[in-house]
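Please follow the chains of this model one after another, from overall layout to local backbone geometry and then to the packing between elements.

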Amino acid sequence: MIENLELLIDVCLLTFLLLIVFAAIKTTNLFVATMLFGIFSFVTALLFLDLDAVDVAFTEAAVGAGFTTVLMLSALRLTGAFENVKHRHSVLGLFIVVLTGAALIYGVADFPNMGDANAPVHLHIAPEYIQLTQEKIDIPNVVTAVLASFRGYDTFGETVVIFSAGAAVLLLLGMGHAEPKHEPEQNLVLWVVVKPFIALILIFGLYVQFHGDFGAGGGFQAGVIFASGFILYSLVFGESYARQVVPASILPRFAALGVIIYGLTGLVSLLSDKTFLDYNALSSNPVSGQHLGILLVEAGVGLAVFSTVLLIFYSFSGVNHNE
Amino acid sequence: MNELLGHVNYWIVIFLMMMGLYMVIASSNLIKKLIGISVFQASVFILYITFGKITEGSPPIITDNTDVYSNPLPHVLILTAIVVGVATTSVGLALIVRIQEAYGSLDEDDIHDINDNDDFDIKSRSIT
Amino acid sequence: MSIELLYILILTIPLLTALGVLLCHQNPNARESLTLLGGIFLFFVVAKLALSYDFEQTVTLTLLEPFPGLSLALRLEPLGLIFTLVAGFLWPVTSLYAIGYMRAHHEKNQTRFYIAFAISIFATMAIALSANLLTLFLAYEMLTLFTLPLVTHAGTDAARRAGWTYLGILMTTSIGFLLLAIIWTWSLTGTLEFTPGGILAGKAELATLGGLLLLFVFGTGKAALMPFHRWLPAAMVAPTPVSALLHAVAVVKAGVFTIMKVSVYIFGIDLIGSLDSAYWLSLLAGFTIVSASIIAMSKDNLKARLAYSTISQLSYIILAAMLGVATGVFAGSLHIAMHAFAKITLFFCAGAILVSAHKTCVSELNGIGRAMPFTMLAFLLASLSIVGLPPLGGSWSKWLLLQATMDAHSTVLLIVLLFSSLLNLFYLVEIPIRGFFATPADLNYNNGIKEAPKFSLIAILITTAGCLVLFFLVNPAWNLVEQILR
Amino acid sequence: MTHLPVLIVVAPLLAAALIVLLNNRKVAWLITLLTSLFCFYASVSMLEILQEVDVISYTLGGWKAPFGIELRIDALSALMLLILTGSALLVSIYALKSVEKEIPDKNQVLFYTALLMVLAGLIGISITGDAFNVFVFLEISSLSTYALISLGRDRRALHASYQYLMMGTIGATFILIGIGFMYVMTGTLNIQDLSQRLPAVADTNAIRAAFAFITIGAGIKAAMLPLHQWLPNAYTYSPSVVSTFLAATATKVAVYVMIRFELSLFGIEFSFLQIPFDKILVILGTIGILGGSIYAVYQNNVKRMLAYSSIAQIGYILLAIGLASQAGFTAALLHIFNHALIKGTLFMALGIVFFRFASAELSIMAGIGKTMPLTMAAFTIGGLSLIGIPGTAGFVSKWYLVTALLDASLWPLALLILVASVLTLIYVGRVIEVAYFRPTLKGESQLKVPKTMLIALWIFALSNIYFGLNSDISMGVSTLAVNQLIGVAS
């Protein structure tokens with residue numbers, strides 16, 4: 001019965017998503033659209049959870065529902081929240097969409113049924129990953145093992161993507177600067193509640209960073225969570241204070257450092273004539289080498305993500321209109 | 001029946017993708033386009049995760065309780081893809097902020113009109 | 001000196017001359033003596049090559065191999081030698097003429113003029129010496145490009161428009177048709193070498209080969225076969241030495257030379273004889289001959305009249321090549337040389353009249369013979385050579401051509417040729433007749449008009465003498481053309 | 001030197017990060033130059049290695065394929081590397097002064113970072129042996145490209161960048177969908193492994209859909225007509241260094257992706273026999289050639305003119321691939337190489353014009369043949385090569401393309417190609433006419449053109465002539481690559 005229950009939840013969530021997107025298309029209030037998108041991400045995270053993808057769910061919640069929404073709101077602050085009320089009825093657009101949809105429907109017709117344990121995806125490579133993780137890497141979270149070791153090169157690329165997004169935003173908007181006069185209202189209750197809360201967030205971030213081997217989590221999620229602690233600080237206590245704690249000018253270098261940590265960890269193996277990112281070279285014991293390698297690259301990822309996310313936030317919130 | 005149940009997920013996801021894509025093409029507001037493309041991408045992510053699922057499987061974190069784990073590879077891929085998605089979104093938003101500054105509008109049609117004017121200016125300045 | 005060295009020298013002398021001209025652009029005297037010197041030296045090298053070359057043992061010099069199996073290579077054969085000799089002889093003569101003309105006419109940008117001129121000669125020589133179609137095509141395109149600044153030399157709007165017409169027609173035809181024909185030949189035979197007897201026979205059906213021939217002939221826009229002739233009158237905006245050497249000798253002869261080479265060494269004369277399209281092309285050439293002559297009669301502008309005369313004369317050669325008989329090949333080859341001398345003389349004279357009397361129209365020339373007797377006499381002789389009267393060089397090629405049409409059993413073309421000779425007589429000989437016998441409208445007409453500058457006059461005398469000498473010296477030339485089909 | 005395959009990607013990535021860390025403009029330029037020099041060296045070395053072995057395989061993380069990610073360099077990859085790193089080297093020499101002039105001081109360091117990341121991304125795509133990895137590196141290069149384009153001085157650069165971001169993301173997502181479909185049917189992402197497992201499931205909707213999505217995705221990135229809308233604006237308004245580098249490389253890498261997936265992965269059997277993809281390519285290519293060339297004729301901004309010309313040139317390449325013959329593939333690869341040389345030259349020359357006049361409108365180029373003789377001479381060489389005049393690189397590829405068409409008995413298309421060359425003649429001729437035969441404008445800028453820019457330009461220009469007269473290298477690599485692709489023993 002469990003399978004049908006899972007499927008039921010699944011279909012419900014998906015239907016919910018459809019409604020959200022439909023509402024987002026219809027609304028002319030961009031603020032509403034943005035909030036709907038936040039909800040969309042959150043429901044997607046739930047869906048991922050239902051589909052056993054805990055790491056992905058975690059990331060989607062932190063990145064999609066959290067960070068992206070904050071970013072969109074920051075952008076709306078600068079651009080205004082209403083769109084011109086007019087709906088283009090693009091016949092060509094509709095045609096393209098229907099064509100794409102038809103191609104997709106046509107394509108999935110041959111897909112194995114959902115959840116079929118005998119589908120090709122579950123027979124090739126994936127079983128080996130689960131087995132090899134236990135034998136050679138010896139950490140419980142297979143996703144982390146695949147991410148940081150088997151496909152560590154992809155993850156290196158992913159870190160670079162984040163870094164390049166930071167560079168791109170910086171090129172476009174500059175680092176900005178906080179407006180010193182503008183300070184949020186001094187709300188004692190808020191202050192008192194938030195202060196310990198931020199501490200908790202930071203501790204949780206560290207936990208996620210270092211617990212990624214065992215449960216859901218890792219550098220990405222940790223970086224975002226850690227940054228969101230500072231973002232919260234900045235929202236509540238004023239950005240100029242936040243910038244005193246973590247100066248904006250240091251962030252690009254931190255992000256670069258994150259990438260370099262990852263890259264150098266990979267390059268170390270070259271010295272002992274192993275290939276790039278072969279963590280076995282890091283220690284005389286291959287398994288502990290793997291552990292060390294994963295730790296190091298996750299640290300690099302965490303640092304890069306944290307700095308970039310915070311940097312992007314600064315860039316958006318500190319933009320000076322008159323420039 | 002089995003076939004239907006086994007594919008209903010895919011069909012809904014595809015419909016979601018189509019809605020996202022429609023939002024990209026049919027909206028004239030740049031922010032809505034961006035939301036559309038994020039929806040489109042997110043739907044693709046759901047597609048990936050869906051085919052990584054094994055019925056009665058559990059998350060791919062090794063425990064002693066079970067032997068059936070859902071496929072970890074799509075999870076890894078989508079982790080990467082989500083990050084790529086958010087990176088794209090932030091660059092897109094940064095561009096939008098600059099476009100608002102430069103054009104005073106986020107409406108694609110307005111922007112096209114302004115661009116055409118710019119073109120005309122250049123032509124009227126030129127000598128030939 | 002080895003033959004290879006001579007090849008290299010023939011190509012490098014014009015280039016070195018161009019370089020030298022560039023280096024001494026401050027000093028007109030040095031610049032012009034250098035051009036002249038380069039020309040004379042080039043002619044000696046060409047003459048040396050002519051004397052020491054043995055057609056039994058041709059020498060090929062491969063310069064480069066841009067892609068496998070296709071090379072840029074040089075090889076002299078009789079047809080090429082004729083062209084080389086003509087162009088090599090006429091370059092220094094034209095230089096001589098140009099010095100007088102350009103100075104008297106106070107042209108600007110003379111350095112650019114001499115450089116482009118020298119490089120054009122380089123391209124012409126490369127065409128003449130080319131061992132295969134690729135080399136020929138490369139040189140052909142270079143010739144178009146480097147003559148362009150000469151056409152647009154004046155820099156006026158009219159000159160620019162003429163430049164577009166020039167470039168447009170020559171490039172369109174060459175890239176659109178000629179290149180396609182060349183690549184097609186390559187694709188059919190796997191070689192582009194000029195081979196005695198041709199390379200295409202039996203490689204494809206006759207209809208295909210007929211189409212290929214059409215591509216080749218229409219692709220060679222420089223041969224000015226109608227309807228691709230418009231560029232030649234347009235190019236007449238150029239200074240007269242350019243019109244004289246390039247648009248009466250080098251460029252247009254490069255065109256008909258290409259057609260001759262293709263019909264003799266790519267198709268083979270027998271194959272041409274069996275192609276229907278060759279017959280149609282010869283009729284088109286006949287049409288061009290007659291209609292260009294008629295247009296020439298209607299032109300009052302002297303250079304335009306000469307340009308249409310050139311179009312007509314070029315089609316003689318195309319016609320000769322398309323007949324598919326040996327006599328035709330001989331006639332065409334001889335005509336390349338004979339027409340070159342006559343036509344360059346005519347252009348020289350036109351330029352001399354422009355410089356000395358500032359006249360450009362035929363109707364203004366009444367009585368000019370009294371002030372410029374030498375020029376007009378030269379004009380008369382050259383005209384008669386083109387008409388084909390003895391004792392002038394042109395009579396040989398005209399006579400052979402008539403014989404070729406008879407060999408090919410084509411009465412129509414025979415009549416066309418005879419009729420066109422009559423037309424030639426009308427529109428060319430009219431001019432000296434006006435010059436010597438008509439009364440000028442204005443009695444003070446001849447005041448202040450002298451003969452052309454002496455450099456130019458000497459040049460005119462040399463080429464006129466050439467027309468006469470060629471009549472008597474036809475034996476060596478004949479021996480040469482006979483080698484073509486050996 | 002067994003690690004060259006990975007170093008050629010990692011070096012520019014780490015250099016990009018290092019630049020940010022050091023945060024100094026001059027140092028940033030120097031690092032960029034040295035990095036591209038190293039990459040160029042690495043690609044030449046690997047090309048040499050490939051004379052001995054068929055393919056260089058490098059497994060990352062010590063996990064053998066298909067479990068780990070594999071870098072796989074065959075002759076086709078090596079050809080792309082040569083184009084990418086060669087262009088990058090020349091562009092970095094050129095960038096010193098151009099960037100100083102066109103990019104605000106505060107952005108220069110990050111400019112070089114982004115440039116290096118574009119390079120690394122494109123290199124990564126060209127050498128990876130893993131389908132998903134293609135997507136990751138595609139996004140690395142794309143994100144940085146969007147930023148670089150937006151740095152143009154005109155506000156339209158921003159909108160151009162946004163348009164590209166939208167279309168580019170749709171393209172990348174389409175590729176992602178295609179990869180997903182293949183993964184579902186085979187359970188693997190390694191290209192080698194995929195190509196072995198695909199035949200068993202080739203006759204399924206899923207694989208056909210995967211093929212379509214990947215092709216359209218790569219087609220958007222390659223600006224294949226009618227998916228080209230992003231390109232003209234992106235090239236027109238981006239800074240000179242960026243337009244030069246992109247024009248020489250970016251669309252070609254997208255074509256590479258197409259070739260890699262369709263020939264190596266799906267295989268000729270599937271692509272051209274089971275589905276009539278060759279015919280589609282011939283049609284799209286032909287439309288691209290004609291459409292691009294005709295549009296180009298009507299442009300008054302020379303950069304935009306060349307942008308449309310690029311669309312036409314992509315058409316040539318696609319048409320050549322669509323012939324589905326050995327000659328056709330060779331022509332395509334050769335044109336990828338030669339067109340990089342051509343467009344590199346032309347855009348660099350325009351960049352110098354832009355350097356002096358801050359505009360690339362045709363009207364401001366009046367008479368600059370006299371005032372900027374070296375720049376315009378190089379432009380003319382590039383233009384002649386674009387037209388396909390013998391003695392230039394453009395001629396060689398056009399020759400092979402027409403030969404391939406004639407071999408396939410498509411002589412009307414051969415004629416059409418040559419007609420398109422005439423269109424090229426018209427638009428290149430317009431520029432040359434204005435530059436050489438119009439009077440110079442008054443108020444002529446007195447700015448001196450820096451030597452570094454001219455040197456880079458002339459190396460590009462002369463390479464057009466070198467590879468036009470001696471095609472041993474370009475032909476050799478292309479032939480080798482084609483033989484490997486279609487499985488003929490060389």
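Read from the N terminus, the elements of chain A run α-α-α-α-α-α-α-α-α-α-α-α-α, so that, with helices and strands taken as DSSP runs, the tally for this chain of the predicted model is 13 helices and 0 strands. Taken along the principal axes, the box filled by the C-alpha atoms of chain A is roughly 60 × 50 × 40 Å. Of the 323 residues of chain A, 52% count as buried, and among the contacts in this chain between residues at least 6 apart in sequence, 72% join residues at least 24 apart.

Is A:Asp52 buried or exposed? The cut-off for a buried residue is 20 or more other C-beta atoms within 10 Å, and because A:Asp52 has 24 C-beta neighbours inside 10 Å, it counts as buried.

Chain A also meets chain B, where 73 residues of chain B are in contact with 82 residues of chain A. On the side of chain B that touches chain A, the elements giving two or more residues are α1 (2-26), α2 (30-52) and α3 (72-103) of chain B, and α1(B) gives the most, with 23 residues. By residue class, this side of chain B divides into 47 nonpolar, 20 polar and 6 charged residues.

In chain C, the strand β1 (residues 60-67) pairs with β2(C) in the antiparallel sense over 5 bridges, and the bridge partner of C:Leu64 is C:Leu72 in β2(C). The hairpin of β1(C) and β2(C) has 2 residues between the strands, and in this hairpin C:Gly69 takes a positive phi near 85°. Strand β2 (residues 70-75) of chain C is largely enclosed by the rest of the structure, because 5 of its 6 residues are buried. Further along chain C, the loop between α7 (206-219) and α8 (231-234) contains C:Pro227, and the peptide bond from C:Met226 to C:Pro227 is cis, with omega near 5°.

Chain D also has a cis peptide bond, which joins D:Ala65 and D:Pro66 with an omega of about 0°; D:Pro66 lies in the loop between β1 (56-59) and β2 (70-73) of chain D. Another loop of chain D, between α12 (302-322) and α13 (326-357), holds D:Ala324, a residue other than glycine with a positive phi near 55°. Because D:Ala324 has 21 C-beta neighbours inside 10 Å, it counts as buried.

Two packed helices are described by the angle between their axes and the distance between the axes. For helix α9 (residues 230-237) of chain D and α12(D), that angle is about 140° and the axes are 8 Å apart, and the two helices are therefore oblique to each other. Their crossing is right-handed. From α9(D), the contact is made by D:Leu231, D:Pro232, D:Tyr235 and D:Thr236, while α12(D) brings D:Lys303, D:Arg304, D:Ala307, D:Tyr308, D:Ser310 and D:Ile311. The residues of this contact of α9(D) with α12(D) divide into 6 nonpolar, 2 polar and 2 charged.

Methods. Residues numbered from 1 in each chain as written. Chains lettered and ligands numbered in written order. Predicted model: local features only at pLDDT ≥ 70, side-chain atom pairs only at ≥ 80, totals over all residues. Helix = DSSP H or I, 4+ residues; strand = E, 2+ residues; numbered from the N terminus. Buried ≥ 20, exposed ≤ 12 C-beta atoms within 10 Å, placed from the backbone. Contact = placed C-beta atoms within 7 Å. Pairing = 2+ DSSP bridges. Nonpolar A, V, L, I, M, F, W, Y, C, P; charged D, E, K, R; others polar. Axes fitted to C-alpha atoms, helices over the stretch in contact; angles between N-to-C directions. Parallel < 35°, antiparallel > 145°, perpendicular 65-115°, else oblique. Left-handed = near helix turned anticlockwise from the far one by under 90°.
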